[in-house]
Each structure stands twice: as C-alpha cells, then as structure tokens.
Amino acid sequence: MSKRTYNFSPGPAALPVEILEQIRDELLDWKDCGYSVMESSHRDSKFIETAEEAEQNLRDIMSIPSNYKVLFCAGGASFQFAAIPLNFSGKNKNADYFCTGIWSEKAAKEAQRYCNVNIVAKTDSAQFMGIARKEQWQLSKEAAYVFYTPNETVSGIRFPTVPETHGVPLVADMTSCILQEDFDVNQFGLIFAGVQKNIAPAGMTIVIVRDDFMDQAMSFCPSLLNYKIIDEYKSMPNTPPTFSWYVANLTFQWVKKHGGVKAMEALSYKKSAKLYEVIDSTDFYSNKIHFKYRSVINVPFHLHDSTLDPLFIQEAEKNGIRQIKGHKSEGGMRASLYNGVNEEAVNALAEFMKAFEKRHG
Ligand SMILES: *Cc1c(COP(=O)(O)O)cnc(C)c1O
C-alpha cells in the first residue's frame with residue numbers, strides 16, 4: 001500500500017484510516033450481498049438497516065432527544081442556507097443572523113431572498129479578530145430564528161459559548177465542528193452539517209430539527225427542501241446519497257468506539273493548542289485572532305514573510321504534509337484538524353514548522 005500523508009485539508013477532509021480500511025474490505029462484497037453498498041437499492045432492507053443504524057448511532061453519540069428529527073438530506077451544506085428561511089420564515093418574516101465569517105455571510109445573503117435579514121453582529125472582514133461583545137448584539141424583537149456558525153472554517157473563528165436568544169429558536173451551521181465540539185442539542189431549534197468535513201464523502205447534509213419547529217414551510221418551498229416532507233419519507237423522498245450515508249454510519253461507530261464526542265473535543269483542544277503554541281512562540285508565524293475566539297479545529301496562520309509561502313508549502317510536501325494552503329480570501333496557511341487528523345499528524349506539522357523557522361527565520 002502507498003504511504004498515507006498527513007492531510008490537513010479543509011474539506012472534503014481526512015477520514016480515519018480504520019474507516020477507509022473497512023470501506024475497502026467491504027467494497028466488493030457488502031453484507032454478503034456480493035456487491036458494494038453503492039450498488040444497492042436504497043429500498044433494500046439491508047440498506048434501510050444501515051440507514052436506521054446511522055440515525056441511532058448519531059442519536060447516541062450526540063444525545064439527541066426524541067423530540068428532535070434527524071434528517072439525512074441530499075446536497076451540500078449551502079442548500080440549507082435556502083432551506084432554513086424557506087422552512088421557518090413563513091409566519092414571521094424576520095430572521096436574525098450573526099455574520100462572523102464567510103459561511104455565515106453567505107447564509108445571510110441567501111436568506112435575504114426569502115425574508116428580512118437582521119444582522120445581529122458583524123466582524124470586520126479585513127480583520128476577523130473576534131466576535132462582537134454581547135452588549136453590542138442587536139437581536140430583533142420578533143425573529144423566526146437566530147442563525148449562527150459556531151466554527152467559521154475559513155477564518156478559524158469560534159463562538160466560545162452558545163449565544164443566548166431568549167426563547168427564539170437557534171439555528172447552527174455545525175458543518176466544521178459537528179462531532180468535534182460537544183453541544184447540548186436541547187439548546188437548538190435546528191443543527192445542520194455538511195458531512196464532508198468530519199463525517200463522510202461530500203454530497204449529504206445532516207439536519208437535526210426540533211419537531212415543534214418543523215411545520216411552518218412557505219408554500220413555495222421546494223418539496224425536496226421541505227423538512228416535513230423529507231421526514232415523512234424517512235429522508236428518502238428521492239434517491240439519497242447512499243454511499244455518504246453508509247460512511248456516516250461508520251464514522252458514528254468510530255466516534256463511539258473512541259470515547260464519544262467529549263473525547264473528540266478534548267483531543268481537539270490538545271491538537272490545536274500544539275499548533276497555537278508554535279505560532280505564538282515566535283514572530284515568524286502569526287494568527288491574529290484573539291485567543292478567546294480561536295477555533296480548535298481550523299488553525300489559520302501566516303508566515304511573517306509571505307514570499308516564503310511557496311517554499312513552506314513545497315518543503316511541507318516533502319515532509320508528507322499536504323493541503324496546508326490557506327483559503328484564497330485569507331492567504332497564508334490553514335491546518336484543519338478534523339477527527340480524521342490524528343495527534344501524530346499534528347506533531348509532524350508542529351515539528352516541521354519549528355524546523356522551517358530554524359532554516360529560514
Ligand atoms: C464547508 C462549509 C460550508 C459549505 O458546505 P457545502 O457542502 O460546500 O455547501 C458551509 N458552512 C460551513 C461552516 C462550512 O465549513
């Protein structure tokens with residue numbers, strides 16, 4: 001087998017080797033079918049069994065209460081930017097958005113097509129130093145929901161706590177932090193997450209929605225984005241992304257086996273702290289985000305001299321470190337430390353960063 005590299009991709013992202021090995025082992029003959037899961041009908045009882053198992057495993061690891069539905073929706077996380085206002089702003093056409101980075105800004109922009117969007121708090125796009133203080137938040141008096149992104153994947157900004165919304169349902173885009181930060185589902189009206197960062201191959205989004213918050217869709221909401229309809233068809237109103245669903249189940253089993261979400265969270269703090277320690281110990285590297293708001297998953301950093309960036313990437317490659325380049329909007333580097341990125345990989349990156357500074361600092 002060829003050598004696996006240290007993969008810091010922002011998404012689609014690294015999956016644990018154990019999961020990839022199981023996929024490989026089952027690829028030609030899944031559940032004694034004599035064919036792979038991706039060649040199975042989604043109506044087949046063996047697939048239904050896997051689909052139901054996935055839901056139960058997710059319920060177990062996230063402690064999802066029974067008054068929440070779990071939906072496995074086709075398409076990427078950005079579909080939910082439209083689905084959310086289409087499903088919830090029917091009665092009350094105001095929605096509150098925290099715009100703390102690229103993803104929440106995109107979500108707010110899409111929602112503006114369907115409802116009145118009120119921006120609760122913003123960050124300076126040139127700065128992204130942190131999230132505005134609570135005293136400055138402008139929540140509307142009557143909003144259908146409050147939307148926020150607990151972990152902004154591109155800029156590496158994170159909400160240190162879940163925002164208080166005084167009874168208004170809270171909607172969270174957990175695409176980059178699901179199963180990696182431990183949340184109490186009861187605090188949310190809806191949680192969604194594209195699976196390609198921390199769960200499975202791209203093409204599916206998981207939606208966890210409180211049932212009393214579900215029956216309010218606008219009349220022109222497309223059926224395939226309507227949560228009530230998706231639920232009625234047990235997430236199969238049309239052919240679902242079966243392979244992603246199958247891998248999602250393997251990931252949920254893997255998280256369970258490795259100590260659950262709490263253990264993943266503890267490891268995330270540990271892994272990210274290692275990199276921030278290297279970054280903060282020198283002027284050679286920098287991360288401009290206030291420590292209180294630093295992501296424990298996506299760690300962006302700049303070299304003091306950006307002309308060294310191509311050399312950094314080139315030498316990193318030679319050391320088996322891949323997909324470390326920052327998002328085009330931010331420049332510099334970004335190390336994404338999802339659950340599939342183990343401590344060994346993070347140690348290798350930390351050591352490489354120190355060695356690179358010695359050579360070129
Ligand atoms: C990656 C990401 C998205 C976009 O996901 P798509 O599946 O490409 O639509 C949305 N929100 C967050 C927080 C992300 O990290």
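**Salt bridges and a helix pair in the predicted model**

Glu110 and Arg113 join their side chains in a salt bridge, 3.8 Å from N to O (a Lys or Arg side-chain nitrogen within 4 Å of an Asp or Glu carboxyl oxygen). Glu110 is partly exposed at 26% relative accessibility, while Arg113 is exposed at 60% (buried is under 20% relative accessible area, exposed over 50%, partly exposed in between, with a 1.4 Å probe and protein chains only). This is a predicted model, so local features need pLDDT of at least 70 and side-chain atom pairs pLDDT 80 or more, whereas totals for chains, interfaces and linings use all residues. Residues are numbered from 1 along each chain as its sequence is written, and side-chain values use heavy atoms, leaving out hydrogens and water.

The whole structure turns up 18 salt bridges. Another one pairs Lys262 with Asp182 at 3.1 Å, N to O. Lys262 sits in helix α7 and Asp182 in the loop between β8 (170-173) and β9 (190-194), so this pair ties together parts 80 residues apart in sequence (helices, H or I of at least four residues, and strands, E of at least two, are DSSP runs numbered from the N terminus).

Helix α7 (residues 260-280) also meets helix α9 (residues 343-360): their axes come within 9 Å and cross at roughly 5° (axes are lines fitted to C-alpha atoms, for helices over the stretch in contact, with angles from 0 to 180 degrees between N-to-C directions). The two helices are therefore roughly parallel (under 35 degrees; over 145 is roughly antiparallel, 65 to 115 roughly perpendicular, and the rest oblique).
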